[in-house]
Amino acid sequence: MLDALLTSFITFFTVIDPIGTIPVFIAVTSSANKSERKKIAIKAALVAAGVLLFFIVLGELILNAIEIPLPTFQIAGGIVLFLFALTMIFGESKPETELSDIDKKEDKAIFPLAMPSLASPGAILAVILLTENSKHNILDQSLTALMMLVVVAIALILMVLSAKIFKYIGNSGAAIISRVMGLLLSAVAVSNILQGFKIYFNL
């Protein structure tokens, strides 16, 4: 169980990427005071957690309703996660990409912080794959949800402490860490693809 929890934590830490969210948070809250920044951070974390919990509870049910076998979704999800990881490694890093998407007219806590920075497409795919009903009981799924909430809580803490942290790592440091996370995510994605093929073809 400890190995499963560690795998879940690493996966969520990779796809949610709390460290990569720091430059995005600093950019969208540049004109806010300390109190406002804290409120924005809390709202972003709550919304992201709510979105991911929604997909933990209903994600597989939605797939079943539209008659998509979970192994095929696992393969497709693994491919998407792998492509997502490649953009983190070779393309623009998470901070650079999401900073370019900032729209001052939007609710900053919702966009781009809650989505797509925290509750990213990769994170949504990950929560569905890690809580498959046929492979995990309620306890396992609850522990997976707990690991997701722990990572979101870490992201919240880092956002609140972002000004101090950014002084040390800067944009370059955040970009390097994001690329390392991308490398780890690519390995997780390949594992999901292989497991999906194994289940689908009964190997």
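Colleague: Is Glu67 buried or exposed?

Modeller: Quick background: this is a predicted model in which local features need pLDDT of at least 70 and side-chain atom pairs count only at 80 or more, while totals for chains, interfaces and linings use all residues. Residues are numbered from 1 along each chain as its sequence is written, and side-chain values use heavy atoms, leaving out hydrogens and water. The labels follow relative accessible area with a 1.4 Å probe and protein chains only: buried is under 20%, exposed is over 50%, and partly exposed is in between. Glu67 has 71% relative accessibility, so it counts as exposed.

Colleague: Where is Glu67 found?

Modeller: Helices here are DSSP runs (H or I, at least four residues), numbered from the N terminus. Glu67 is in the loop between H3 and H4.  Its phi is positive, about 55°, although it is not a glycine. Most residues other than glycine have a negative phi, but the place you asked about is the loop between H3 and H4.

Colleague: Asp17 also has a positive phi, so what is its relative accessibility?

Modeller: Asp17 has a phi of about 55° and isn't a glycine either. It is found in the loop between H1 and H2. Asp17 counts as buried because its relative accessibility is 1%.

Colleague: How many of the 11 residues of H2 are buried?

Modeller: The buried ones include Pro18, Ile19, Gly20 and Phe25. H2 is largely enclosed by the rest of the structure, because the number of its 11 residues that are buried is nine.

Colleague: H2 packs against H9, so at what angle?

Modeller: Two packed helices are described by the angle between their axes and the distance between the axes. Axes are lines fitted to C-alpha atoms over the stretch in contact, and angles run from 0 to 180 degrees between N-to-C directions. The axes of H2 and H9 are 8 Å apart, and the angle is about 115°.

Colleague: How many residues of that contact are nonpolar?

Modeller: Contact means heavy atoms within 4.5 Å, and on the H2 side Ile19, Ile22, Pro23, Phe25 and Ile26 take part. Ala, Val, Leu, Ile, Met, Phe, Trp, Tyr, Cys and Pro count as nonpolar, Asp, Glu, Lys and Arg as charged, and the others, Gly among them, as polar. The contact of H2 with H9 has no charged residues and two polar ones, and the nonpolar ones number 10.

Note on methods: Helices (H or I, at least four residues) and strands (E, at least two) are DSSP runs, numbered from the N terminus.
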